[in-house]
Amino acid sequence: IVRELMREFVQRQRQAREYNDFLRGKVANAREQIHAGEYASADDVEARFAARRAQLLAKAGSAGA
């Protein structure tokens, strides 16, 4: 039982390290993109998705008619 608990503990620790490494990489990448000006403002994103929603609603409305 102790051996199994130790294996589970080691596995959870490994998964936590892998996730933290993954997360650090994502944050570093995002920071590089922001520094390079490769991002969209919240207003830009909202406008894009509002247009997309309107298209989908129009398509759904014409399909149901």
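**Exercise 1.** Why does Phe9 count as partly exposed?

*Solution.* The model is predicted, with local features requiring pLDDT of at least 70 and side-chain atom pairs pLDDT 80 or more, while totals for chains, interfaces and linings use all residues. Residues are numbered from 1 along each chain as its sequence is written, and side-chain values use heavy atoms, leaving out hydrogens and water. Buried means under 20% relative accessible area, exposed means over 50%, and partly exposed lies in between (1.4 Å probe, protein chains only). Phe9 has 42% relative accessibility, and therefore counts as partly exposed.

**Exercise 2.** Locate Phe9 and state which surface patch includes this residue.

*Solution.* Phe9 is placed in helix α1, which covers residues 2-35. Helices are DSSP runs of H or I with at least four residues, numbered from the N terminus. Patch members have over 30% relative accessible area and no salt bridge, and nonpolar side chains are joined within 5 Å. A salt bridge places a side-chain nitrogen of Lys or Arg within 4 Å of a carboxyl oxygen of Asp or Glu.

**Exercise 3.** Describe the aromatic pairing in the structure.

*Solution.* A search of the whole structure gives one aromatic pair. Tyr19 and Phe22 form this tilted pair, with 6.4 Å centre to centre and 40° between the planes. Ring centres must lie within 6.5 Å; planes under 30 degrees apart are stacked, over 60 edge-to-face, and the rest tilted. Both residues lie in helix α1, three residues apart, about one turn of the helix. Tyr19 is partly exposed at 49%, and Phe22 is partly exposed at 49% relative accessibility.

Definitions and conventions
Patch = residues over 30% accessible without salt bridge, like charges linked within 9 Å, V, L, I, M, F, W, Y side chains within 5 Å. Areas by Shrake-Rupley, 256 points an atom, 1.4 Å probe, with all protein chains shown as cover. Helix = DSSP H or I, 4+ residues; strand = E, 2+ residues; numbered from the N terminus. Phe/Tyr/Trp six-rings, centres within 6.5 Å; stacked < 30°, edge-to-face > 60°.
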